[in-house]
Amino acid sequence: MADLTIPRQPMPSQEADVRNSNFSEVALGYTEEMALAEAQRCLGCKHKPCSGGCPVQIDIPEFIGKICEKDYEGAYQVISRDSSLPAVCGRVCPQETQCEAKCVRGVKSEPVAIGRLERFVADWHLAHAHDKVARPASNGRRVAVIGSGPAGLTCAGDLAKKGYEVTIFEALHLAGGVLVYGIPEFRLPKAIVQKEVDGLKALGVKVETNMVVGRVFSVDELMEQGYEAVFIGSGAGLPSFMKIPGENLNGVYSANEFLTRINLMKAYREGSATPVQHAEKVAVVGGGNVAMDAARCAKRLGAKEVYIVYRRSEEELPARREEVEHAKEEGIIFRLLNNPVEILGDEELHVKGMRCIRMELGEPDASGRRRPVPVEGSEFTLDVDCVIMAIGTSPNPLIRSTTSGLETQKWGGIITDENGKTSREGVYAGGDAVTGAATVILAMGAGKTAAASIHEYLSNK
Amino acid sequence: MYKIMRKERLGPVVTLMDIEAPAIAAKAEPGQFIILRVDAEGERIPLTIADYDRSRGTVTIIFQIVGATTESLNRLEEGEYIQDFVGPLGRPTETEGLKKVAVVGGGVGCAIAYPVAKKLHELGCTVHSVVGFRSKDIVILEKEFEAVSDVVKKMSDDGTWGSKGLVTDALRELLESGEKYDEVITIGPLIMMKFVARLTKEFGVKTVVSMNPIMIDGTGMCGGCRLTVGGETKFACVDGPDFDGHLVDFDEAMKRGTMYREFERHAHSELCNLMNKEVR
């Protein structure tokens, strides 16, 4: 029986004023006692509303039940049935709008900390389970996966488990996609991503790095090489800019560039071969998770003042609640209802300030959110020496322009049906390349769906 | 890992390497580039493809030793390996339909101008090459240019090789003498390309420049390589590296190129100190 007297267990974390100057993980993870206490809070609802809120439908009450029995490996196996990256999702999923939003305990009290329990179970498995993964017998059929982000890794993992010979083609020198170049170490340690990738390799998945599909091979050529199906999980693509004056000044970064320098290229480490600006005062434009990551990285590199400049209000911030709270605790200054109009440069063409205008919320727009409108005459200058644009991306044209018969949306996203099938026979797609920038878990869900479709397609071929 | 099949010193600070990369060699075209990392801790640097041999499966790069990464690369020998080598990136130089072209190369940029001249020559195009170096001791690819060009104008800043003067002096002479080109293709330092473009604008000759900005991923993900072309922001890695020289904002590009100069200078001197210690 659930214990209704136990409060939601807080996540042990590094102190805000300590962590904002290091890149070690912020959230330290539950101890066994905490996990057991938190697990007792679960009502074990028969109708499992939480599972319905999960994009990959993990059987949440069942895995929490296993925790109560102290069968942590059993709990891991339950999660593994539906998720191939539990240690990642336990850390980066927006649980408050998914599983935890549906938790019955949340009605009268606080929801069960499902994400923290998932992380506990995944970390327990990584630390304690040393049994070699049984490599499934090969069915001799080859599938190519383009991109090694969450969509590609999931698709590859699911297909490998069914016996397919899967090769992942990754453009960068390291597998993981956004998990290694985008999400910072303090939110998702790269050692964890590496373990997940190693797990796939143990299943027989081959990872070919330094392979830019669309240049070195086209999708058609992959099929000529004997891959019977191709999954495109090439990610969100090119960073967007605001098209305001001054965006090409030195000291203006896209969030992708700033984060790639720091995360993939390790520019935060002493002696790294890759440079990054250590600015005094930084403005990050945007309100999503990427904006929070960039702001918190800038702070950790030693910036005295870091601003989030966002044109809507707090309520509309698209970032995970926890990231916003962490950012605030770490001293990030939120300039909400502000919009940049121009970036100012000095005679060396380096950023010396950003002109902004105040906004107010008007009538709801197409997205249902109240539309921000500029307040006339309210312009002011923010004193900064670095600006980071975190306002989204548009799809990379490389694959669509080199794949015959692949239909895309006007904005460039690849068109698929609900099973991840594109207009080209044998070609499937999922993740940000299809939806535009979204979350890790949605990309995983798409990779999973596509793997099932590919299996069905090849079984009937 | 990618094997160095051949290494040749072209001059005191310029080195050529053939790298074993069959998949890239099979697809490479003049004007495209690769990105490499020398070792597991290295930065990613773009280098334009100087040549390729599809049958041997090799890609040729020619680089000038200007910083820590090119210094480390230059320390590797034949038979040793480069950590990462990815490409071919960017769009190939457009050569279709060209009948008469002036190819203008400056310094190590000649390493990139040469394969373009060679391809044009193979396509039956009349090629006038204008090549310039600071002085005689850093001249590269002299014979190669002669072999693929109908006319070669050799220029050096100090007059120790060919005629004394700038490539723009020689190009002006050609244009003033009435030579009509379908296109001028120029590759070299930004300041040189800026003045070549200014000159050809006077004569109304279409001019293509090859940009080589700071870059990280080279696939369109980071946007670090952006530049202004005709008032619009373009990414050199996916939209280029070739652009209409009359539309490129060179002054901005030159400033952007200096963003990490201090860091690079420091990294280079650190590495040199380290090497000196090793030698002693």
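This is a predicted model: local features need pLDDT of at least 70, side-chain atom pairs count only at pLDDT 80 or more; totals for chains, interfaces and linings use all residues.
Residues are numbered from 1 along each chain as its sequence is written, chains are lettered from A and ligands numbered from 1 in the order in which they are written, and side-chain values use heavy atoms, with hydrogens and water left out.

Let me begin with Thr70(B), which sits in helix H2 of chain B, residues 68–75, a helix being a DSSP run of H or I with at least four residues, numbered from the N terminus. Thr70(B) is buried, at a relative accessible area of 6%, where buried means under 20% with a 1.4 Å probe and protein chains only. With contact taken as heavy atoms within 4.5 Å, and leaving aside residues up to four places away in sequence, Thr70(B) touches Ile45(B), Phe63(B), Gln64(B) and Ile65(B).

Now to the domains, whose bounds come from an automatic or database domain assignment: in chain B, domain 1 covers 2–89 and domain 2 covers 100–257. Their contact takes 19 residues from domain 1 of chain B and 22 residues from domain 2 of chain B. The C-alpha centres of these two domains of chain B are 21 Å apart. Between the two domains of chain B there are two salt bridges, each a side-chain nitrogen of Lys or Arg within 4 Å of a carboxyl oxygen of Asp or Glu. Lys118(B) and Asp51(B) also form a salt bridge through their side chains, at 3.3 Å from N to O.

Note on methods:
Helices (H or I, at least four residues) and strands (E, at least two) are DSSP runs, numbered from the N terminus. Buried means under 20% relative accessible area, exposed over 50%, partly exposed in between (1.4 Å probe, protein chains only).
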